[in-house]
Amino acid sequence: MEKIDWKKYLQKEISCSCGKTHFCDIEEIIIEDHAIKHLTRILSKHTYKKLCVVCDKHTEKAAGFQVYEELETAGYDYDKIIFHDPELVPDEEALVSLFTQIPNNCDLILAVGSGTINDLCRYVSYKMKIDYYIIGTAPSMDGYASNVSPLIIQHLKTTFEARPARVILGDLDIIANAPLHMIAAGVGDIIGKYVCLTDWQIAHIVNDEYICPEIMELVRQSIRKVAYNAEGAAKREKSAIAAVMEGLVLSGIAMSYIGNSRPASGSEHHMSHYWEMMFLLSNHKDPLHGTKVGVGTVTAIRLYEMLKKKRELLFLSEVPDFNRNLWKKEILEAYGPAASGVLTLEEQIGKNTEKEVNRRRKCFRQHQDEIWSVIDSLPDAEEIKEILASMDAPYSPAQLDVSPELFRRGIYFAKDLRNRFGLLQILFDFQLQHEFSENLIKEFYPTE
């Protein structure tokens with residue numbers, strides 16, 4: 001597949017058929033051998049005076065020392081901030097640590113890492129009103145070009161406004177040597193877009209949510225690049241690794257264009273976020289984001305497949321009264337100390353009320369041919385499982401040590417993390433959560 005010409009997407013206003021103007025404020029993207037050698041050339045075009053290099057103990061070894069060498073050779077003054085956490089979490093503690101260590105006169109952050117380092121530096125640079133560059137160390141997630149930062153605040157996975165990195169460097173000599181499970185996580189993050197695009201299209205039909213066909217095509221392009229090259233990436237073929245990294249960055253540009261994560265995050269991500277929050281609350285080892293998303297994608301497509309089998313029966317059930325007190329009790333049990341934000345969101349938007357459920361069901365009935373056509377375009381869950389298995393990546397929640405009860409609660413309550421309509425809300429609206437979750441528990445946990 002052809003390399004992407006990034007100049008088509010960067011720092012130019014694009015008048016779109018959707019009626020909006022899209023803009024991505026990234027100066028340069030370089031994904032090639034020895035990309036890190038371009039760092040000081042890019043810096044020379046600017047007047048940054050105080051640089052700060054942010055790594056963790058793993059990414060410093062992977063690329064940080066090379067960054068130091070490039071800066072020192074060119075005579076740049078810089079500070080180092082190294083996170084020594086065994087598993088770095090993008091929470092209040094990490095944010096405070098970063099804020100308190102960055103010098104007040106810092107005017108550029110050089111983030112060296114992938115998911116967590118990128119999210120922390122993106123948010124801190126945005127709040128400090130300074131630029132940041134990202135030197136990627138693994139093709140493990142699609143947030144390199146994103147303009148939002150997902151952070152864990154008061155135990156709740158929350159997405160915060162930020163802005164993209166000014167420069168993205170993906171040195172193939174570095175990212176091709178990333179641990180295989182991180183490469184597989186990048187593939188998992190991208191194949192989740194099958195589900196999120198389906199959710200988005202149905203949300204457009206049912207809730208009249210804004211949608212952009214051209215941004216959707218960008219995301220589909222990223223899916224094609226990654227799915228086509230997954231097998232080669234597992235063998236560390238540089239051309240395949242480059243294609244995966246390009247697909248990940250392209251997905252981030254789609255988010256940057258629209259200003260939120262809708263083009264790249266749906267029900268598969270919501271389940272992943274819920275599992276992550278519960279893992280962190282219980283001090284359970286948390287798998288990589290993209291690893292969880294890959295499993296969430298298999299789960300979500302299986303749920304859509306089960307939904308299709310109910311096509312003729314959907315409207316036979318009555319809409320029960322929304323028992324707010326019972327739901328509140330269930331949310332407190334499902335979210336623990338993170339429940340407050342979830343409860344506040346429902347108070348603000350009332351998406352679970354009988355009135356809203358009735359409205360959505362009516363709209364679903366009126367437009368069901370169009371909706372089923374969208375759902376029918378999904379790949380089979382088995383196809384996704386084969387892609388993940390080819391990279392020795394998990395495809396079942398049991399492989400992630402997600403307990404049957406945690407899995408069940410994700411199907412019931414992950415929808416309440418966001419004001420974002422999709423598959424999990426559809427299951428609620430048609431009272432299918434119990435039946436579908438129990439069927440999948442039998443499938444994914446055959447010994448239970």
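This is a predicted model: local features need pLDDT of at least 70, side-chain atom pairs count only at pLDDT 80 or more; totals for chains, interfaces and linings use all residues.
Reader: What's the rule for pairing rings?
Author: Rings of Phe, Tyr and Trp (its six-membered ring) pair if their centres lie within 6.5 Å. Planes under 30 degrees apart count as stacked, over 60 as edge-to-face, and the rest as tilted.

Reader: And how many aromatic pairs does that give?
Author: The count comes to 15 aromatic pairs. One of them is Tyr 48 with Tyr 133, an edge-to-face pair at 6.0 Å centre to centre with 80° between the planes. That pair links distant parts of the chain, 85 residues apart: Tyr 48 is in the loop between α1 (39–43) and β4 (51–56), and Tyr 133 is in strand β7 (residues 131–136). For the naming, helices (H or I, at least four residues) and strands (E, at least two) are DSSP runs, numbered from the N terminus.

Reader: Tyr 48 and Tyr 133, buried or exposed?
Author: Tyr 48 is buried, with a relative accessible area of 15%, and Tyr 133 is buried at 1%. Buried means under 20% relative accessible area, exposed over 50%, and partly exposed in between (1.4 Å probe, protein chains only).

Reader: What about the rest of β7, how many of its six residues are buried?
Author: Six of its six. Both faces are covered, with Asp 131, Tyr 133 and Ile 135 on one side and Tyr 132, Ile 134 and Gly 136 on the other. In a regular strand the side chains alternate between the two faces of the sheet.

Reader: Which way do β6 and β7 run, parallel or antiparallel?
Author: Parallel, with six bridges joining strand β6 (residues 108–113) to β7. Two strands pair if DSSP finds at least two bridges between them. Leu 108 has Asp 131 in β7 as its bridge partner.

Reader: Back to rings. Which charged end sits over the ring of Phe 315?
Author: That of Arg 365, 4.2 Å from the ring centre. Lys 80 likewise has its charged end over the ring of Tyr 68, 4.2 Å from the centre. A charge sits over a ring if NZ of Lys or CZ of Arg is within 6 Å of the ring centre and within 35 degrees of the ring normal.

Reader: Is Gln 154 buried or exposed?
Author: Exposed, at 60% relative accessibility. Gln 11 also has a positive phi, near 55°, in a residue other than glycine. Gln 11 lies in the segment before β1 (14–15) and is partly exposed, with a relative accessible area of 36%.

Reader: What packs against β9 (156–161)?
Author: The buried residues of α13 do, and they also pack against α12 (324–335). In helix α13 (residues 339–349) those are Ala 339, Val 342, Leu 343, Leu 345 and Glu 346. Seen down the axis of α13, they fall within an arc of 155°, so they line one face of the helix. The arc is that of the directions from the helix axis to the C-beta atoms.

Reader: What's exposed on the other side of α13?
Author: Ser 340, Glu 347 and Gln 348. After α13 comes Gly 350, with a positive phi near 60°.

Reader: And Leu 280, what is it in contact with?
Author: Leaving aside neighbours within four places in sequence, Leu 280 is in contact with Val 89, Ile 152 and Asp 286. Contact means heavy atoms within 4.5 Å. Leu 280 lies in helix α10 (residues 267–281) and is partly exposed at 25% relative accessible area. The C-alpha atoms of Leu 280 and His 155 are separated by 8.2 Å, though the two residues are 125 apart along the chain.

Conventions. Residues are numbered from 1 along each chain as its sequence is written. Side-chain values use heavy atoms; hydrogens and water are left out.
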